[in-house]
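Here is a short note to read alongside the structure.

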Amino acid sequence: MPAGEQVTPDPERMPVMSGADILRFARTAALGYPLRTALSVLAMAIGVAAVVVLTALGDGARRYVVGQFSALGSNLVIVLPGRSATGGFNPVNVVTSTPRDLTVEDAQALLAAPAVRQLAPLTVGTSEISFGGRLREVVLAGSTASLKDVRHYQLEPGSHFLPEGEAGRVAPVAVVGAKIRDEVFGTQPAIGQLIRLGDRRLRVIGILKASGQGMGMNTDELVVVPVALAQSLFNSNTLFRILVEARSRGQIEAAKAQVLDILKARHGGEEDVTVITQDAVLATFDRLLGALTAAVGGIAAISLLVAGILVMNVMLVAVAQRTGEIGLLKALGAREADIRQLFLAEAAMLSLFGAASGYLLGEAGAFALRSFFPVFPAYPPGWAVAAALITALATGLGFSLLPAQRAARLDPVQALMRH
Amino acid sequence: MALIELSGIERAFHLGDSVVHALAGIDLVIKAGEYVSIVGASGSGKSTLLNVLGLLDRPAAGSYHLEDRDVTTLSANEQAAVRSRRIGFVFQSFHLVPRLTAAENIALPLLLAGIAPAEREARVGRALREFGLEQRARHRPDELSGGQRQRVAIARATIMQPALLLADEPTGNLDRATGEEVIRLLEALNAGGVTLILVTHDPALAAHAQRQLVMEDGRLKSDTDR
């Protein structure tokens with residue numbers, strides 16, 4: 001007889017629904033309304049995917065720029081003629097009309113600086129290359145043997161770069177980019193051929209490996225010749241840049257100061273050159289693009305907020321639709337906490353599933369970006385992925401507190417009357 | 001032994017400016033194992049009385065002792081525990097969860113009480129056999145006939161072996177033959193020791209009960225025991 005085995009229910013010691021049962025029940029609830037569930041999962045997924053793809057794009061841009069700078073050479077200090085405008089008003093600028101040119105001799109003098117390992121003078125212009133009746137306009141760079149090491153150029157097998165020493169400045173030789181080789185020589189071997197460049201005849205001694213990228217100058221379409229040769233072709237004795245490599249990363253600032261001192265002394269006490277360090281530029285770009293990525297990620301995160309509000313709506317509808325069921329559960333002995341947990345578990349499931357599928361969607365999008373633009377390393381940064389997933393779960397759960405509470409507080413008599 | 005002792009139970013509802021006294025000073029003692037029917041016109045307060053007995057509604061005044069324990073002063077969680085262990089509900093509209101199978105619906109109270117899956121399965125299996133629902137265990141409510149649905153609901157109401165079974169118009173949505181079948185089932189449970197309280201507006205059905213209460217305007221108009 002049931003009444004005989006009387007138990008005194010003690011709510012503190014009474015067992016409660018197990019976590020597995022809560023999850024199973026919430027799952028049947030979510031699957032019971034597939035369209036509603038699919039829509040909120042989709043909203044959450046789009047939010048997370050947006051964060052993943054957009055931050056992948058932003059961080060890809062950052063990596064691309066950083067990569068480009070690294071390809072430029074390491075520990076680089078770049079000297080360019082003219083004072084940068086940031087110096088403000090300077091009476092000296094008023095008296096002297098134009099800054100003094102940078103010369104090959106200036107470059108030579110910089111080798112005396114203790115913090116400088118090596119350097120390459122650089123003069124740049126355009127010229128015409130002709131071979132076998134074919135004519136093509138090219139970007140011509142005049143420099144020395146050191147340019148290869150300073151800029152980390154790779155050569156194709158069997159190639160030589162400009163010769164070392166005095167010969168390197170005047171020898172009638174040229175190193176050409178891979179694209180020039182393809183377009184001018186076709187399938188013929190290029191090395192050893194004589195080409196005409198402006199009014200000079202030069203022998204091709206090397207080919208730069210195809211790189212497809214290169215900040216400022218695309219090496220694939222470049223022709224490198226000795227600096228004196230280039231200057232006489234351009235009929236000028238000025239340099240476009242001096243690329244200086246410091247002895248180490250720590251020596252970059254020292255090299256910069258020494259370079260400035262030497263050039264100031266050579267230019268009659270006037271600071272008429274600008275010295276920039278790659279590190280400073282790099283750090284600026286890194287910061288800038290990092291901030292951009294964070295901003296874009298933040299904007300995308302707004303869609304997560306919207307998704308959270310949608311989850312709240314969906315859960316409010318769920319509470320309204322299942323009012324009778326909530327009343328029944330209460331009649332069967334469910335406590336407020338049980339009802340709350342059931343609805344929160346359902347919301348958590350929606351959010352988790354949405355976040356997970358959004359992550360996969362985002363990774364797929366980033367993968368597609370990388371496939372279409374191979375040079376662009378569009379990988380979503382780890383912090384953004386973590387933030388997107390945590391935000392998705394937090395908003396999903398946070399916005400479900402109100403509906404869950406509303407369900408838990410329903411008056412069972414009223415709830416049972418609605419069916 | 002008195003299972004239920006009500007004294008001076010009051011419950012009023014505010015409808016706009018007017019106050020409806022759904023229960024106006026109910027005194028009632030029901031012994032364990034009794035079979036009691038409550039009849040009355042709609043608005044007489046019979047459903048409110050049932051809700052109070054089932055701890056779904058709190059009276060405004062008066063005391064309610066269930067198994068010699070004052071349950072009106074219990075916290076919400078304690079009342080939930082009493083509902084879980086001591087009270088079973090059977091509703092006119094069955095109140096089955098549409099997405100769950102018959103077996104899952106019957107298992108709901110066990111689930112909420114945190115009873116382990118193995119024991120749950122054994123008890124649900126026994127209930128399915130006892131109520132002749134073995135062939136229907138995996139069917140959803142919309143695949144069941146009205147009589148089968150109410151059998152599932154009764155199996156669910158008794159799965160926790162409650163002392164008190166509250167039935168609110170259990171045959172209201174059923175045809176006569178099926179309704180009688182359900183009543184026989186409830187009476188068999190009562191014969192097994194469960195106290196059965198049946199609310200109906202059908203005097204013929206009410207006449208089945210050993211003790212008949214008639215309600216009018218929130219008061220007990222007649223009681224065959226008095």
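Which residues in α10(A) meet which residues in α12(A)?

1. This is a predicted model. In α10(A), the residues that make the contact are Val311(A), Met315(A) and Val319(A). They meet Phe343(A), Ala347(A), Leu350(A) and Ser351(A) in α12(A). By type, the residues of this contact of α10(A) with α12(A) are six nonpolar, one polar and no charged.

2. Helix α10 of chain A spans residues 278-321 and helix α12 of chain A spans residues 336-372. Their axes come within 11 Å and cross at roughly 140°. α10(A) is therefore oblique to α12(A). The crossing of α10(A) and α12(A) is right-handed.

3. Chain A and chain B also touch: the contact takes 31 residues from chain A and 35 residues from chain B. On the side of chain B that touches chain A, α2 (76-86) and α3 (102-112) of chain B each supply at least two residues.

4. Chain B has an open sheet of six strands, in the order β6-β7-β8-β3-β9-β10, with mixed pairing. Its edge strands, β6 (87-90) and β10 (219-223) of chain B, each pair on one side only. From one strand to the next, the twist averages 20°.

5. Phe89(B) has Leu166(B) in β7(B) as its bridge partner. Helix α5 (residues 146-158) of chain B lies across β6 and β7 of chain B, at about 170° to β6(B).

Conventions
Residues numbered from 1 in each chain as written. Chains lettered and ligands numbered in written order. Predicted model: local features only at pLDDT ≥ 70, side-chain atom pairs only at ≥ 80, totals over all residues. Axes fitted to C-alpha atoms, helices over the stretch in contact; angles between N-to-C directions. Helix = DSSP H or I, 4+ residues; strand = E, 2+ residues; numbered from the N terminus. Parallel < 35°, antiparallel > 145°, perpendicular 65-115°, else oblique. Left-handed = near helix turned anticlockwise from the far one by under 90°. Contact = placed C-beta atoms within 7 Å. Nonpolar A, V, L, I, M, F, W, Y, C, P; charged D, E, K, R; others polar. Pairing = 2+ DSSP bridges.
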